[in-house]
Amino acid sequence: MNSAFVIPLVVASSCIVSAAAAAEQACGYSSAGWNAPNGAAVFSAGSGPIGDVLNAVGEIRTHSMLSHGPGKWVTHATMKQPSENSWPAVCSAPVTPSDLIEGYPGLEQVNQGGIYRFLYGSGGSGPSALTYQVGDPIKAASIGDTIWWELPYFADRSRVDEGVEIDRPSVRGGRVRYSFYQYRTTEGTPTGDPAWNNGMVCSSFLAYAHHLDGQGAIPPYTYNHSKLANAANALHAGVRDSCENSLGFWGSVGTSIVCFADICEKAANQVANCMASHACDTGSGSVWRGVRDDASTVAVSISPDRIGGWSGHVWGKQPGATVWSADTNHSVQWNSGGNVYGCWY
(Lines give C-alpha, C1' and ligand atoms only; values in the text may rest on other atoms or scores of the structure.)
Protein backbone atom coordinates (compact mmCIF):
# COMPACT_ATOMS: atom_id res chain seq x y z
CA MET A 1 0.00 0.00 0.00
CA ASN A 2 1.23 3.46 -0.67
CA SER A 3 1.12 5.98 1.77
CA ALA A 4 0.77 10.59 1.46
CA PHE A 5 -2.49 12.50 2.68
CA VAL A 6 -1.69 15.40 4.71
CA ILE A 7 -4.81 15.49 6.48
CA PRO A 8 -3.87 15.81 10.06
CA LEU A 9 -3.11 12.31 9.91
CA VAL A 10 0.09 11.36 8.77
CA VAL A 11 1.24 12.65 6.42
CA ALA A 12 2.11 14.15 5.18
CA SER A 13 3.59 11.15 4.95
CA SER A 14 0.39 8.65 2.61
CA CYS A 15 2.07 9.72 1.82
CA ILE A 16 -0.10 12.00 4.58
CA VAL A 17 2.83 13.13 6.43
CA SER A 18 3.41 13.06 10.00
CA ALA A 19 2.53 14.92 13.07
CA ALA A 20 3.07 17.94 10.88
CA ALA A 21 -0.40 17.44 9.57
CA ALA A 22 -1.77 18.26 12.97
CA ALA A 23 -0.26 21.72 12.68
CA GLU A 24 -0.37 22.15 8.93
CA GLN A 25 1.41 25.25 7.73
CA ALA A 26 1.80 25.92 4.03
CA CYS A 27 4.59 28.51 4.09
CA GLY A 28 7.60 29.34 6.21
CA TYR A 29 11.35 29.15 6.57
CA SER A 30 13.57 26.11 6.85
CA SER A 31 15.95 25.99 9.78
CA ALA A 32 18.66 25.09 7.25
CA GLY A 33 18.98 22.83 4.22
CA TRP A 34 18.99 19.04 4.39
CA ASN A 35 21.97 16.87 3.52
CA ALA A 36 20.26 14.37 1.19
CA PRO A 37 22.26 14.02 -2.07
CA ASN A 38 20.85 14.52 -5.56
CA GLY A 39 18.63 11.58 -6.46
CA ALA A 40 18.37 10.25 -2.92
CA ALA A 41 15.08 8.73 -1.83
CA VAL A 42 14.06 10.38 1.44
CA PHE A 43 11.69 8.58 3.81
CA SER A 44 9.64 9.67 6.80
CA ALA A 45 7.47 7.82 9.29
CA GLY A 46 4.53 9.39 11.06
CA SER A 47 1.48 8.57 13.12
CA GLY A 48 -2.17 8.93 12.21
CA PRO A 49 -4.62 7.12 9.94
CA ILE A 50 -2.16 6.47 7.13
CA GLY A 51 0.37 5.29 9.65
CA ASP A 52 -2.36 2.96 10.92
CA VAL A 53 -2.88 1.63 7.38
CA LEU A 54 0.78 0.85 6.83
CA ASN A 55 1.30 -0.52 10.32
CA ALA A 56 -1.67 -2.80 9.68
CA VAL A 57 0.25 -4.45 6.83
CA GLY A 58 3.50 -4.57 8.81
CA GLU A 59 5.22 -1.52 7.35
CA ILE A 60 6.77 1.60 8.86
CA ARG A 61 7.58 4.38 6.40
CA THR A 62 4.67 6.59 5.44
CA HIS A 63 6.14 9.07 2.94
CA SER A 64 8.88 9.13 0.30
CA MET A 65 10.48 12.05 -1.56
CA LEU A 66 13.11 12.61 -4.24
CA SER A 67 15.92 14.97 -3.26
CA HIS A 68 17.63 17.15 -5.86
CA GLY A 69 20.66 17.75 -3.66
CA PRO A 70 21.75 19.18 -0.29
CA GLY A 71 19.86 22.39 0.42
CA LYS A 72 18.04 22.17 -2.91
CA TRP A 73 14.63 21.28 -4.28
CA VAL A 74 12.47 18.24 -3.58
CA THR A 75 9.95 16.43 -5.79
CA HIS A 76 7.15 14.47 -4.11
CA ALA A 77 3.44 13.74 -4.26
CA THR A 78 1.20 14.72 -1.38
CA MET A 79 -2.11 16.27 -0.44
CA LYS A 80 -3.13 19.16 1.77
CA GLN A 81 -5.94 19.01 4.30
CA PRO A 82 -9.36 18.76 2.64
CA SER A 83 -12.21 21.10 3.48
CA GLU A 84 -15.55 20.47 5.11
CA ASN A 85 -18.39 19.97 2.64
CA SER A 86 -21.12 22.59 2.37
CA TRP A 87 -24.57 22.36 3.91
CA PRO A 88 -26.60 20.19 3.60
CA ALA A 89 -24.30 17.73 1.83
CA VAL A 90 -21.94 17.78 4.82
CA CYS A 91 -24.33 15.52 6.72
CA SER A 92 -24.02 12.70 4.18
CA ALA A 93 -20.51 13.35 2.83
CA PRO A 94 -18.63 15.42 5.46
CA VAL A 95 -15.48 15.96 3.39
CA THR A 96 -15.65 18.01 0.17
CA PRO A 97 -15.53 15.26 -2.51
CA SER A 98 -13.56 17.35 -5.00
CA ASP A 99 -10.79 17.80 -2.43
CA LEU A 100 -10.42 14.03 -2.16
CA ILE A 101 -10.72 13.47 -5.91
CA GLU A 102 -8.35 16.25 -7.01
CA GLY A 103 -5.76 15.59 -4.30
CA TYR A 104 -4.10 19.03 -4.31
CA PRO A 105 -1.24 19.76 -4.78
CA GLY A 106 -0.36 16.26 -5.95
CA LEU A 107 3.04 15.96 -7.64
CA GLU A 108 5.09 19.08 -6.95
CA GLN A 109 8.60 20.53 -6.63
CA VAL A 110 9.30 22.64 -3.55
CA ASN A 111 12.37 24.25 -2.01
CA GLN A 112 13.80 23.59 1.44
CA GLY A 113 11.48 26.07 3.10
CA GLY A 114 8.50 24.32 1.56
CA ILE A 115 9.56 20.78 2.46
CA TYR A 116 10.55 21.82 5.97
CA ARG A 117 7.10 23.29 6.59
CA PHE A 118 5.49 20.22 5.06
CA LEU A 119 7.36 17.98 7.49
CA TYR A 120 7.39 20.12 10.61
CA GLY A 121 4.27 22.26 10.27
CA SER A 122 4.38 25.26 12.54
CA GLY A 123 7.27 23.93 14.57
CA GLY A 124 6.04 20.55 15.81
CA SER A 125 8.20 17.49 16.31
CA GLY A 126 7.55 16.31 12.78
CA PRO A 127 8.05 12.72 11.61
CA SER A 128 9.40 10.17 14.06
CA ALA A 129 12.09 9.24 11.55
CA LEU A 130 13.59 11.03 8.54
CA THR A 131 16.20 9.12 6.57
CA TYR A 132 17.58 8.81 3.04
CA GLN A 133 19.01 6.10 0.80
CA VAL A 134 21.22 6.61 -2.24
CA GLY A 135 22.59 3.25 -3.32
CA ASP A 136 24.42 3.92 -6.58
CA PRO A 137 25.18 7.67 -6.45
CA ILE A 138 25.65 8.01 -10.22
CA LYS A 139 22.36 6.31 -11.04
CA ALA A 140 20.56 8.13 -8.24
CA ALA A 141 21.81 11.50 -9.53
CA SER A 142 20.67 10.52 -13.02
CA ILE A 143 17.13 9.95 -11.69
CA GLY A 144 17.18 13.30 -9.93
CA ASP A 145 18.42 15.09 -13.06
CA THR A 146 15.87 13.39 -15.32
CA ILE A 147 12.95 14.50 -13.16
CA TRP A 148 14.38 18.00 -12.77
CA TRP A 149 15.42 18.70 -16.36
CA GLU A 150 13.27 16.54 -18.61
CA LEU A 151 9.72 16.74 -17.24
CA PRO A 152 7.66 19.73 -18.39
CA TYR A 153 5.80 21.48 -15.62
CA PHE A 154 2.95 23.80 -14.73
CA ALA A 155 3.96 26.92 -12.82
CA ASP A 156 1.31 27.26 -10.11
CA ARG A 157 1.09 29.84 -7.34
CA SER A 158 0.83 29.02 -3.66
CA ARG A 159 -2.74 29.19 -2.42
CA VAL A 160 -1.46 30.86 0.73
CA ASP A 161 1.22 33.19 -0.65
CA GLU A 162 0.71 33.91 -4.35
CA GLY A 163 4.17 35.43 -4.52
CA VAL A 164 5.61 31.90 -4.30
CA GLU A 165 5.72 29.67 -7.38
CA ILE A 166 5.21 25.94 -6.93
CA ASP A 167 6.10 23.91 -10.00
CA ARG A 168 4.02 20.84 -10.73
CA PRO A 169 5.67 18.33 -13.09
CA SER A 170 3.52 17.19 -15.98
CA VAL A 171 3.06 13.47 -16.54
CA ARG A 172 0.93 12.06 -19.36
CA GLY A 173 0.29 15.62 -20.47
CA GLY A 174 -1.39 16.91 -17.33
CA ARG A 175 -1.13 17.78 -13.66
CA VAL A 176 -0.65 14.79 -11.41
CA ARG A 177 -3.19 14.55 -8.59
CA TYR A 178 -2.77 12.73 -5.32
CA SER A 179 -4.94 9.63 -5.62
CA PHE A 180 -5.96 7.51 -2.63
CA TYR A 181 -7.01 4.81 -5.05
CA GLN A 182 -3.36 3.93 -5.60
CA TYR A 183 -3.45 2.29 -2.20
CA ARG A 184 -5.57 -0.33 -3.91
CA THR A 185 -3.70 -0.46 -7.20
CA THR A 186 -0.86 1.42 -8.85
CA GLU A 187 -2.57 0.80 -12.19
CA GLY A 188 0.13 1.49 -14.81
CA THR A 189 1.76 4.36 -12.95
CA PRO A 190 5.21 2.80 -12.40
CA THR A 191 5.75 2.51 -16.14
CA GLY A 192 3.90 5.64 -17.21
CA ASP A 193 0.58 4.10 -18.27
CA PRO A 194 -2.66 5.99 -17.64
CA ALA A 195 -4.07 5.99 -14.13
CA TRP A 196 -7.47 7.01 -12.78
CA ASN A 197 -7.65 10.81 -12.61
CA ASN A 198 -3.96 10.93 -13.63
CA GLY A 199 -3.12 10.13 -10.03
CA MET A 200 -0.06 9.08 -8.07
CA VAL A 201 1.03 8.81 -4.48
CA CYS A 202 4.52 9.44 -3.14
CA SER A 203 5.96 5.98 -3.68
CA SER A 204 4.33 5.31 -7.05
CA PHE A 205 5.97 8.55 -8.19
CA LEU A 206 9.41 7.28 -7.15
CA ALA A 207 8.73 4.05 -9.04
CA TYR A 208 7.77 6.13 -12.07
CA ALA A 209 10.96 8.21 -11.78
CA HIS A 210 13.06 5.04 -11.49
CA HIS A 211 11.55 3.63 -14.68
CA LEU A 212 11.58 6.92 -16.61
CA ASP A 213 15.34 7.20 -16.14
CA GLY A 214 15.88 3.70 -17.52
CA GLN A 215 16.73 2.12 -14.17
CA GLY A 216 14.10 -0.60 -14.49
CA ALA A 217 10.51 -1.21 -13.47
CA ILE A 218 9.73 -1.69 -9.79
CA PRO A 219 7.15 -4.46 -9.59
CA PRO A 220 4.13 -3.77 -7.37
CA TYR A 221 3.58 -5.98 -4.36
CA THR A 222 0.38 -7.96 -3.89
CA TYR A 223 -1.13 -7.58 -0.43
CA ASN A 224 -3.38 -10.56 0.23
CA HIS A 225 -7.01 -10.17 1.22
CA SER A 226 -6.28 -10.44 4.92
CA LYS A 227 -3.86 -7.51 4.76
CA LEU A 228 -6.24 -5.50 2.60
CA ALA A 229 -9.02 -6.03 5.14
CA ASN A 230 -6.73 -5.07 8.03
CA ALA A 231 -5.67 -1.91 6.21
CA ALA A 232 -9.25 -0.92 5.38
CA ASN A 233 -10.34 -1.40 8.98
CA ALA A 234 -7.35 0.57 10.26
CA LEU A 235 -7.97 3.50 7.90
CA HIS A 236 -11.62 3.71 8.83
CA ALA A 237 -10.89 3.46 12.54
CA GLY A 238 -8.10 6.02 12.34
CA VAL A 239 -10.20 8.70 10.67
CA ARG A 240 -13.21 8.01 12.89
CA ASP A 241 -11.13 8.13 16.08
CA SER A 242 -9.38 11.35 15.04
CA CYS A 243 -12.77 12.91 14.40
CA GLU A 244 -14.29 11.70 17.66
CA ASN A 245 -11.24 12.87 19.61
CA SER A 246 -11.27 16.30 17.95
CA LEU A 247 -7.86 15.95 16.33
CA GLY A 248 -6.82 18.42 13.63
CA PHE A 249 -9.14 18.91 10.65
CA TRP A 250 -11.26 15.90 11.56
CA GLY A 251 -12.09 17.34 14.94
CA SER A 252 -13.71 20.37 13.31
CA VAL A 253 -15.98 18.44 10.94
CA GLY A 254 -19.60 19.29 11.54
CA THR A 255 -18.99 21.22 14.75
CA SER A 256 -20.91 24.22 13.47
CA ILE A 257 -23.73 22.26 11.86
CA VAL A 258 -26.41 20.07 13.37
CA CYS A 259 -26.51 16.77 11.49
CA PHE A 260 -28.88 14.04 12.56
CA ALA A 261 -26.31 11.36 11.81
CA ASP A 262 -22.93 10.08 12.96
CA ILE A 263 -20.76 12.53 11.05
CA CYS A 264 -17.47 10.97 12.19
CA GLU A 265 -18.60 7.57 10.94
CA LYS A 266 -19.56 9.08 7.60
CA ALA A 267 -16.25 10.95 7.28
CA ALA A 268 -14.38 7.71 7.91
CA ASN A 269 -16.56 5.88 5.38
CA GLN A 270 -15.92 8.57 2.78
CA VAL A 271 -12.12 8.35 3.03
CA ALA A 272 -12.17 4.54 3.09
CA ASN A 273 -14.49 4.49 0.05
CA CYS A 274 -12.13 6.81 -1.82
CA MET A 275 -9.23 4.45 -1.27
CA ALA A 276 -11.22 1.28 -1.88
CA SER A 277 -12.68 2.22 -5.27
CA HIS A 278 -12.27 5.98 -5.84
CA ALA A 279 -15.85 6.54 -4.68
CA CYS A 280 -14.93 9.78 -2.90
CA ASP A 281 -18.38 11.37 -2.85
CA THR A 282 -20.32 9.09 -0.52
CA GLY A 283 -20.35 8.64 3.23
CA SER A 284 -22.09 5.28 3.00
CA GLY A 285 -20.07 2.40 4.39
CA SER A 286 -21.26 -0.07 1.77
CA VAL A 287 -18.48 0.60 -0.74
CA TRP A 288 -15.39 -0.03 1.36
CA ARG A 289 -17.05 -2.78 3.37
CA GLY A 290 -18.04 -4.49 0.14
CA VAL A 291 -14.37 -4.55 -0.89
CA ARG A 292 -13.25 -5.63 2.58
CA ASP A 293 -15.78 -8.47 2.78
CA ASP A 294 -15.12 -9.88 -0.69
CA ALA A 295 -12.59 -12.66 -0.12
CA SER A 296 -11.29 -12.34 -3.69
CA THR A 297 -10.04 -8.76 -3.31
CA VAL A 298 -6.37 -7.87 -2.92
CA ALA A 299 -4.28 -4.72 -3.18
CA VAL A 300 -1.48 -4.39 -5.72
CA SER A 301 0.68 -1.44 -4.83
CA ILE A 302 4.11 0.04 -4.16
CA SER A 303 4.84 1.45 -0.72
CA PRO A 304 7.73 3.55 0.62
CA ASP A 305 9.09 0.43 2.36
CA ARG A 306 9.09 -1.43 -0.96
CA ILE A 307 11.04 1.39 -2.59
CA GLY A 308 13.64 1.15 0.15
CA GLY A 309 13.64 -2.65 0.49
CA TRP A 310 12.35 -2.82 4.06
CA SER A 311 9.61 -4.52 6.13
CA GLY A 312 9.69 -7.87 4.43
CA HIS A 313 10.27 -6.55 0.91
CA VAL A 314 13.38 -8.70 0.57
CA TRP A 315 13.05 -8.35 -3.19
CA GLY A 316 14.33 -4.81 -2.70
CA LYS A 317 17.63 -6.02 -1.32
CA GLN A 318 18.43 -8.21 -4.29
CA PRO A 319 21.15 -6.86 -6.62
CA GLY A 320 19.70 -4.42 -9.12
CA ALA A 321 16.25 -4.25 -7.51
CA THR A 322 16.16 -0.48 -7.13
CA VAL A 323 18.91 2.10 -7.24
CA TRP A 324 18.15 3.08 -3.64
CA SER A 325 17.37 -0.22 -1.91
CA ALA A 326 20.91 -1.57 -1.83
CA ASP A 327 21.78 1.24 0.59
CA THR A 328 21.26 1.46 4.33
CA ASN A 329 19.48 4.30 6.09
CA HIS A 330 21.28 7.61 6.54
CA SER A 331 19.94 10.26 8.90
CA VAL A 332 18.64 13.43 7.29
CA GLN A 333 20.31 16.40 8.93
CA TRP A 334 19.47 20.06 8.45
CA ASN A 335 22.99 21.43 8.39
CA SER A 336 23.63 23.05 5.00
CA GLY A 337 23.18 26.72 4.24
CA GLY A 338 19.51 27.46 4.48
CA ASN A 339 16.85 29.50 6.21
CA VAL A 340 15.01 29.57 2.89
CA TYR A 341 11.40 30.73 2.63
CA GLY A 342 8.99 28.54 0.69
CA CYS A 343 5.50 26.99 0.49
CA TRP A 344 4.31 23.48 -0.25
CA TYR A 345 0.80 24.48 -1.34
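Tutor: Let's start with a handedness: with -70° about the S-S bond, C243 and C264 make a left-handed link. This is a predicted model, where local features need pLDDT of at least 70 and side-chain atom pairs count only at pLDDT 80 or more, while totals for chains, interfaces and linings use all residues. Residues are numbered from 1 along each chain as its sequence is written, and side-chain values use heavy atoms, leaving out hydrogens and water.

Student: Why is the pair C243 and C264 called a disulfide?

Tutor: A disulfide is a pair of cysteine sulfur atoms within 2.5 Å. The sulfur atoms of C243 and C264 are 2.0 Å apart, so the pair qualifies. C243 sits in helix 6 (residues 225-244) and C264 in helix 8 (residues 263-277), 21 residues apart. Helices (H or I, at least four residues) and strands (E, at least two) are DSSP runs, numbered from the N terminus.

Student: How many disulfides does that rule give?

Tutor: Three. Another one joins C27 to C343, S to S 2.0 Å.

Student: What makes the disulfide of C274 and C280 right-handed?

Tutor: The torsion about its S-S bond is about 65°, so the disulfide of C274 and C280 is right-handed.

Student: And how do you know whether C274 is buried or exposed?

Tutor: Buried means under 20% relative accessible area, exposed over 50%, and partly exposed in between (1.4 Å probe, protein chains only). C274 has a relative accessible area of 1%, so C274 is buried. C280 counts as buried too, at 1%.

Student: Why do D156 and R175 count as a salt bridge?

Tutor: A salt bridge needs a side-chain nitrogen of Lys or Arg within 4 Å of a carboxyl oxygen of Asp or Glu. For D156 and R175 the N to O distance is 2.8 Å, so the pair passes. D156 lies in strand 9 (residues 153-157) and R175 in strand 11 (residues 174-175), so the pair ties together parts 19 residues apart in sequence.

Student: Which residues are linked with D156 in a network of salt bridges?

Tutor: R168 and R175. D156 is buried because its relative accessible area is 11%, whereas R175, at 33%, is partly exposed.

Student: What makes R240 and D241 a salt bridge?

Tutor: Their closest N and O atoms are 3.6 Å apart, so this pair meets the cut-off as well.
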